Amino acid sequence: MPALTLKRCSLGLAALAMTLTACGGNTDAPAKGSDKASAAAQPSPSSPGAVSDDGRPVIDLPSDVTHAFDWGTTDDTVEDAVLADTAQRIKAVDLAIAEQDPLHEAYRFYSEGTAAAGSEQYIQEFVDHKARTTGFTRFYDADVSVHEDGTAALVYCEDQSKAFNKFLDTGKVDVTPVTKNSYVVYAAALRKNGNGVWVTERLSSQRGSARCQP
């Protein structure tokens with residue numbers, strides 16, 4: 001049976017900063033998981049969750065799902081806003097996985113287009129396997145370019161060496177060895193929407209990138 005893929009999708013890239021394609025479905029790197037569970041009972045779309053005073057979704061993750069965004073600040077408020085909204089999108093996807101909701105409001109607040117469609121497929125895979133993420137994930141080495149037309153390009157790295165799959169029926173955590181494929185590079189295309197949010201419209205990634213190796 002097909003096994004569960006871990007973490008955000010992975011595609012081959014000819015040129016990270018120039019070729020951005022949708023990610024999602026089964027395009028991830030080698031699988032980490034166990035037998036696929038029945039997908040007969042699919043969750044319904046989530047009702048609107050808690051919202052903060054600024055109108056953004058409240059992202060309250062399980063205590064065993066943690067992140068570090070070690071890309072610091074850029075001394076440019078616009079570039080910092082791109083990084084901040086990207087961090088919220090990443091956490092929102094893990095929240096949707098934890099709550100087993102492929103149509104969760106939180107990640108759709110921070111993504112549109114093929115990026116949102118790819119996230120939905122990715123989350124659905126966890127729902128089908130009755131699993132979620134657990135552990136610690138680190139993001140680093142970000143490179144932001146903001147354009148005058150209200151769009152931005154972002155390339156960044158992810159360290160998945162301490163992040164794993166947790167199966168809901170048994171509580172089992174699939175602890176896997178660290179390899180070069182534990183390190184992933186991402187390229188994202190973003191746009192500032194009418195609410196002032198930097199939404200990710202396209203996202204692509206590649207495992208084992210030399211750029212992201214420790």
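**View 1. Val93, a buried residue of helix H1.** At 3% relative accessibility, Val93 counts as buried (under 20% relative accessible area, with exposed over 50% and partly exposed in between; 1.4 Å probe, protein chains only). Val93 sits in helix H1 (helices, H or I, at least four residues, and strands, E, at least two, are DSSP runs numbered from the N terminus). Val93 and Tyr110 lie 17 residues apart in sequence, and their C-alpha atoms are 9.6 Å apart in space. The model is predicted: local features need pLDDT of at least 70 and side-chain atom pairs pLDDT 80 or more, while totals for chains, interfaces and linings use all residues. Residues are numbered from 1 along each chain as its sequence is written, and side-chain values use heavy atoms, without hydrogens and water.

**View 2. Gln100 in the loop between helix H1 (77-98) and helix H2 (105-109).** Gln100 is buried, with a relative accessible area of 15%. The Gln100 side chain reaches the backbone oxygen of Ala131 at 2.8 Å.

**View 3. The largest nonpolar core, with 17 residues.** Such a core is a set of buried Ala, Val, Leu, Ile, Met, Phe, Trp, Tyr and Cys residues joined through side-chain atoms within 4.5 Å. Trp71, Val82, Leu154, Tyr156, Leu190 and Leu203 touch the most other members. H1, strand S2 (131-146), strand S3 (151-167), strand S5 (183-192) and strand S6 (198-207) each supply at least two residues of this core. A second, separate core of 15 residues includes Leu61, Ile97, Ala106 and Tyr107.

**View 4. Contacts of Trp71.** Contact means heavy atoms within 4.5 Å. Neighbours within four places in sequence aside, Trp71 contacts Leu83, Thr86, Ala87, Ile90, Phe139, Tyr140, Ala142 and Tyr156.

Note on methods. Polar contact = N/O pair within 3.5 Å; in protein donor to acceptor, adjacent residues only side chain to side chain.
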